[in-house]
Amino acid sequence: MASLQQVVEQLALAAASFNETVALNGTSPSNTLSGGPFKRLTAITSMLASTSALRDWAFLLVIGSLFEVARRGLSTFWTSLVDAFFITAVFDEDDASYQWILAWLSKQPSWRNIRYVTVATDTVRAVYSEEGYSRRGSISKEPSYMPAESHSYTLWYKSRWMTVTRVSVSNHGGWASKDSLQLRVLSRRQGILGTIIEEAKKDWLETQKDSLTVWVSNSDNVWVPLARQLKRPLSSIVLDPGVREFLVKDVKDFLASKAWYQERGIPFRRGYLLYGVPGSGKTSVIQAIAGELCLNVYVLALSRSGLDDSSLASLLSSLPEQCIVLMEDVDAAFYHGLSREPGSPTATSETGARDRRSSSGESPGKLSLSGILNAIDGIAANEGRILFATTNKYDVLDPALCRPGRMDLRLQFHHASRYQAREVFKRFFASYPTEVTGKDDVAAAEPDVDAPPPLDLASPAKSQGSSSEPSEKSLYSGLCHTSRAPKLSIHELSALADQFAAGVPERQITMAALQGYLMTHKATPFKAVADVSAWVERELAEGHH
Ligand SMILES: Nc1ncnc2c1ncn2[C@@H]1O[C@H](COP(=O)(O)OP(=O)(O)OP(=O)(O)O)[C@@H](O)[C@H]1O
């Protein structure tokens, strides 16, 4: 060890005189090679190479190696100990089980006592308690507590000790990060994990019962949740008689027929093409069906730049077993210069589409028609999915896309019929929350506990004409419009709805436009009826339809 000390001293001396020489002479180190510092360096080198110094180096090496071996041994021992006594599970953010575990955690009594959390208020990540849904049916942004990043929590579950750690791993050079939850339960029985996951899934479904999650694919071609939406009641969709019921029955039948499909060797998939005028309810009916059947919606934008044949196939094959895939405006892909074969020149596009795209600076997609067709019904396409495609331009679509097996059911949506106009009016001004039920008067309607006492406008004689409607001033009285609007009996409502429908020409106005018009008369049904003809004239003159 003495020689080591000498080496250190020599090094210090050499460094000091080296600095001195450079500072005084302003010479570069190469100029000093023949001077004192060089001699000292030579002395150090020979000392380092001497037998005693080598012995000391070897000694240090052995000590260091022993320490490292001991450290690794301890770490392996700890890992085996943990493996022997703990069950460890990792839940990745990309997987549905991640959300289940978050929902489950929020319900654990010991979770309420944690003292360091990340607060989430966005509707996708946050795990809402039952109270998170306000009584009026909207998703309130109540904060929920998520595990903080890189922090470990200790919990007790069924008298078992467990830890929860949220880890965030960054990728793409730190631009993106991916979360995972690590659960470690002190137990030798693996069944405990199954119990937790079962319970977590149940809790999650419970929090989801009034809402559905909309997923989109991100630039990495991975499904990510975009939004949680309250379910839209099916009854809010007004189509011609029987159409809505037919569609829902068909989807339900499909979901219940897995064995039937298997027995006959038919791929268990079904595709629906809803086409027709914009604003006729295509998207709305899909949303309502998803809510009715508790299916999440996976939105696939074929015109998204960066989407190519292989990523489309992998996205469609990584869907959960029962879900709705929504390809909105499926014509957009064709319009934007879709090629028939991978790498071939555009075959189905309108002339000049590619030029338009390059001049607009849009990045060229590598999606081909055969890629889309393969993704929809190829060998890798997953089972049990329901595909809904919508378009306003049926003629642009390639017939191969529309054939049965890909689009099993094609449904055309039109401008509003008089029937639809009547029904949408009834829905708008019914003073009870559900569908028009045939109840005779408002007294039979369910009481609205939040509303102030109803206005006394029930008598038809009194309610004729604008005098029965709330005055202009009352429109801004601060009451919600449902309490400002006159409470109409079922007979009054029917009569008004008939008058309204008579003012709407058959199949010339869209449902969206009708809805927009009624929105401007939320509290004034009589005025809505009185002004409808004039409004229709204006709409048609302006060529909106
Ligand atoms: N049949 C309908 N019943 C009830 N509401 C409707 C109906 N059609 C349209 N609406 C209303 O009009 C608006 C637009 O409807 P939606 O987006 O479903 O139409 P769309 O046919 O999908 O239009 P686009 O082709 O432009 O996407 C929504 O707010 C919806 O509530």
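This is a predicted model: local features need pLDDT of at least 70, side-chain atom pairs count only at pLDDT 80 or more; totals for chains, interfaces and linings use all residues.
1. Seven strands form an open sheet with mixed pairing. Their order is β8-β7-β10-β11-β12-β9-β13. β8 (223–230) and β13 (409–413) stand at the edges. Each has a single partner strand, so one side of each lacks a neighbour in the sheet. From one strand to the next, the twist averages 25 degrees.

2. Which strand pairs with β8, and in what sense? Strand β7 (residues 211–217) does, through seven bridges, and the two run antiparallel.

3. **Strand β9.** β9 spans residues 270–276 and is mostly covered, with six of its seven residues buried. On one side, six bridges join β9 to strand β12 (residues 385–391) in parallel. Here Gly271 stands opposite Leu387. β9 also pairs with β13, again in the parallel sense, over five bridges. In that pairing Tyr275 faces Gln412 of β13. In a regular strand, side chains alternate between the two faces of the sheet.

4. **Leu247.** This residue sits in helix α6 (residues 243–255). Is Leu247 buried or exposed? Leu247 is buried, because 22 other C-beta atoms lie within 10 Å and the cut-off for burial is 20 or more. Leu247 and Leu411 are 164 residues apart along the chain, yet their C-alpha atoms are separated by 9.0 Å.

5. **The nonpolar core.** The largest nonpolar core has 70 residues. Tyr298, Ile324 and Phe500 have the most contacts inside it. Helix α17 (residues 490–502) supplies the largest share, six residues. In soluble globular proteins, nonpolar side chains tend to be buried together.

6. **The ligand shell.** How many residues surround the ligand? There are 17, and the closest are Pro278, Gly281, Thr283, Ser284 and Met511. The elements giving two or more residues to this shell are α8 and α18 (511–519). By type, the shell divides into seven nonpolar residues, nine polar and one charged. Domain 3 (225–413) and domain 4 (418–541) both contribute to the shell, so the ligand lies between these domains.

7. **Helix α8.** This helix covers residues 282–292. Its buried residues are Lys282, Val285, Ile286, Gln287, Ala288, Ile289 and Ala290. An α-helix has 3.6 residues a turn, so residues three or four places apart point the same way.

8. **Cys294.** After α8 comes Cys294, with a positive phi near 55 degrees. That is a positive value in a residue other than glycine. Cys294 belongs to the loop between α8 and β10 (297–299). Cys294 counts as exposed because it has 12 C-beta neighbours inside 10 Å, and the cut-off for exposed is 12 or fewer.

9. **Arg507.** Phi of Arg507 is also positive, near 55 degrees, in a residue other than glycine. Arg507 lies in the loop between α17 and α18. With 14 C-beta neighbours inside 10 Å, Arg507 counts as partly exposed.

Conventions. Residues are numbered from 1 along each chain as its sequence is written. Helices (H or I, at least four residues) and strands (E, at least two) are DSSP runs, numbered from the N terminus. A residue is near a molecule or strand if its C-beta atom, placed from the backbone, lies within 6 Å of it. Ala, Val, Leu, Ile, Met, Phe, Trp, Tyr, Cys and Pro count as nonpolar, Asp, Glu, Lys and Arg as charged, and the others, Gly among them, as polar. Domain bounds come from an automatic or database domain assignment. Two strands pair if DSSP finds at least two bridges between them. Axes are lines fitted to C-alpha atoms, for helices over the stretch in contact, and angles run from 0 to 180 degrees between N-to-C directions. A nonpolar core is a set of buried Ala, Val, Leu, Ile, Met, Phe, Trp, Tyr and Cys residues joined through C-beta atoms within 7 Å.
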